[in-house]
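Please look through the sequence and the model below before reading on. The paragraphs that follow move from the division of the chain to one strand and the loop beside it.

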Amino acid sequence: MIAFDFDYYKPSSLSEAVGTYQLADQAGKQAIFYAGGTEFITFARTNKKRADVVIDIKGIPECMMLEVIGDELIIGAAVSLTTIVESNLFPLLGETVQRIADHTSRNKITIGGNLNSHFIYREGILPFLLVNAKGMIAGKGKEKILPLDQILNGGLAKGELLVQIHVDQSYTNLPFSTIKRTRMSKVGYPIVTVAALEKDNQIRTAFSGICEFPFRSDEIEKLLNDLSLTQEERVIQAIALLPGPVVQDIHASTAYRLFVLKNVLTDTLNAMEANK
Ligand SMILES: Cc1cc2nc3c(=O)[nH]c(=O)nc-3n(C[C@H](O)[C@H](O)[C@H](O)COP(=O)(O)OP(=O)(O)OC[C@H]3O[C@@H](n4cnc5c(N)ncnc54)[C@H](O)[C@@H]3O)c2cc1C
């Protein structure tokens, strides 16, 4: 049960959604955008999150799009993970999000909800980092299209809504690997997830679970592609370049995470070699 009352809106346009947020804000009310709702409901039930106004974005056509237009794949922020998997329009994305939660939850969890999650994992962003995806955001004024990593690293400004993710379609069928290791079962938060893609003979890699944030690193990729080193040297030296402290929590100690990362990176390089 949720122990507080809130007003629920389901706008049918971007301007209505953003306008509803602004009106609530001006009235001193706390508003949130709501997509799959799984995170909001979990936190609201335990009083870790409150809202006076909940704005459901699933009635907005732009947020529900999933199609190729010209040479771009457009993915609406309110598209569910299951729909993305079943579409097979971007196999690396499909295989990566297929390991998030269980099937019933994936029917509700949306890609925009995953990217804006308060949890540290946000595994859905890894394929987008590898293909330099862009994001469309709506807020005050006209909609903007910016690099997705810039949007998510800086965080959306108050009242801004992630509308869509845009991917250059030529990247969607490149050779890839995506490997997730959890503590026990197939379903669970990652100890380590590594997604990789090969473009112009260069391997790109993105990581979740290892640091407090998902990331892609130029320095790590430079090392992993340095064929003057042995595979083991590349993996060990790449791990020394992590961009932040390694997570230590109930799922895994820092030492165990590093051990798993070494194995997953080795498996990733082998898988990418086998793709050739
Ligand atoms: C059983 C279970 C297992 C999970 N396992 C994993 C896992 O293995 N890996 C992983 O990465 N995650 C995992 N998650 C986390 C999940 O991906 C996030 O909680 C995600 O936020 C849920 O998406 P949603 O659409 O339900 O979000 P919602 O609850 O609707 O929203 C979550 C947050 O994002 C904001 N938001 C949503 N859409 C937008 C938008 N378009 N623009 C701006 N802000 C927006 C909301 O305001 C809210 O703050 C798991 C969740 C569950 C329930």
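A residue is called buried if 20 or more other C-beta atoms lie within 10 Å of its own, exposed if 12 or fewer do, and partly exposed in between, with the C-beta atoms placed from the backbone. This is a predicted model, in which local features need pLDDT of at least 70 and side-chain atom pairs count only at pLDDT 80 or more, whereas totals for chains, interfaces and linings use all residues. Residues are numbered from 1 along each chain as its sequence is written.

The chain is divided into domain 1 (7–56), domain 2 (63–168) and domain 3 (176–274), with bounds that come from an automatic or database domain assignment. The C-alpha centres of domain 1 and domain 2 lie 19 Å apart. Across this boundary, 12 residues of domain 1 are in contact with 17 residues of domain 2, where contact requires that the C-beta atoms of two residues, placed from the backbone, lie within 7 Å. On the side of domain 1 that touches domain 2, α1 (14–26) and α2 (38–45) each supply at least two residues, and the largest share, 6 residues, comes from α1. Helices (H or I, at least four residues) and strands (E, at least two) are DSSP runs, numbered from the N terminus.

We turn now to strand β11 and its partners. Because 6 of its 7 residues are buried, β11 is largely enclosed by the rest of the structure. Strand β10 (residues 190–199) runs antiparallel to β11 and is joined to β11 by 7 bridges; two strands are said to pair if DSSP finds at least two bridges between them. Val194 has Phe207 in β11 as its bridge partner, and in the hairpin of these two strands, which has 2 residues between them, Asp200 takes a positive phi near 50 degrees. β11 also pairs with β12 in the antiparallel sense, over 2 bridges, and the bridge partner of Ala206 in β12 is Arg216. The hairpin of β11 and β12 has 6 residues between the strands, and Gly209 there takes a positive phi near 90 degrees.

What is the position of Ile210 relative to β11 and β12? Ile210 is found in the loop between β11 (202–208) and β12 (215–216). Why does Ile210 count as buried? Ile210 is buried because 28 other C-beta atoms lie within 10 Å. Leaving aside neighbours within four places in sequence, Ile210 is in contact with Val192, Leu242, Val246, Val247, Arg257 and Leu261.
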